[in-house]
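Student: I am new to this structure and would be grateful for a close look at a single part of it. Please take the salt bridges and the elements that they connect.

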Amino acid sequence: MSFGFSSVGLSYPFAAAIAKGFQDEARKAGVNAIVLDAQGRVQKQANDIDDLIAQRVNGIVLMPLDSVIAQSWVERVVGAGIAVVAVGSQVGDPKSRPLTSVYPKLVALITQDEVAAGREAGRLAAKLLPKDRTANIAIIEGAPGFSEVLQRAQGSERRSLKRR
């Protein structure tokens, strides 16, 4: 039995930790783990997905680089009769699909509420602001395509940054 993991990039600490956990748990279960590193490139991740389908793995864990493009990957995987789980990021357009609306062809979605994480970051920033002074706060975004970036920014909207 083999399971594949398509990572966004093993040079990212979070993704590397997820991959290690995947490999460790596969080893405990006595199954073969195939971990592929997209190296931060969407086209490489698409090719990695095709490689896992060609290897006829029993299941795929997908950590998508681009949540919108990932919809077509999930469709291909499911069309090949392989179960797929998304981890770390939703599948689907975060502008039109709320996090609670899991893409219907996924077996599961394992992630955190990035809007709540952004809201908490905004509250922490507001707490650290000097009282009764205006401060400018910049939100530095990561790579385009990550739904988490949009969701965290939504959570840390201007109204949550006002010090009370």
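Tutor: A residue counts as exposed when its relative accessible area is over 50%, as buried when that area is under 20%, and as partly exposed in between. The model considered here is a predicted one.

Lys-28 has a relative accessibility of 65%, which is over 50%, and therefore counts as exposed. This residue forms a salt bridge with Glu-25, and their closest N and O atoms are 3.1 Å apart. Glu-25, at a relative accessible area of 46%, is partly exposed. Both partners belong to helix α1, where three residues, about one turn of the helix, separate them. A further group, made up of Lys-20, Asp-24 and Arg-27, is joined in a network of salt bridges. In total, the count of salt bridges comes to six.

Another pair connects two helices. Arg-76 and Asp-50 form a salt bridge in which the closest N and O atoms lie 3.0 Å apart. This pair links distant parts of the chain, since Arg-76 is in helix α3 and Asp-50 is in helix α2, 26 residues apart. Arg-76 is partly exposed at 34% relative accessibility, and Asp-50 is partly exposed with a relative accessible area of 34%.

The axes of α2 (residues 42–54) and α3 (residues 70–79) come within 10 Å and cross at roughly 10 degrees. Angles under 35 degrees count as roughly parallel, so α2 is roughly parallel to α3. On the α2 side, the contact is made by Val-42, Gln-45, Ala-46, Ile-49, Asp-50 and Ile-53. On the α3 side, Trp-73, Arg-76 and Val-77 take part. By type, the residues of this contact are six nonpolar, one polar and two charged.

The side chains of Lys-105 and Glu-75 meet at 2.8 Å, N to O. Lys-105 counts as partly exposed at 40% relative accessibility, and Glu-75 is partly exposed at 30%.

Technical notes. Residues numbered from 1 in each chain as written. Predicted model: local features only at pLDDT ≥ 70, side-chain atom pairs only at ≥ 80, totals over all residues. Heavy atoms only, no water. Axes fitted to C-alpha atoms, helices over the stretch in contact; angles between N-to-C directions. Helix = DSSP H or I, 4+ residues; strand = E, 2+ residues; numbered from the N terminus. Parallel < 35°, antiparallel > 145°, perpendicular 65-115°, else oblique. Contact = heavy atoms within 4.5 Å. Nonpolar A, V, L, I, M, F, W, Y, C, P; charged D, E, K, R; others polar. Salt bridge = Lys/Arg side-chain N within 4 Å of Asp/Glu carboxyl O. Buried < 20%, exposed > 50% of the residue type's maximum accessible area, 1.4 Å probe, protein only.
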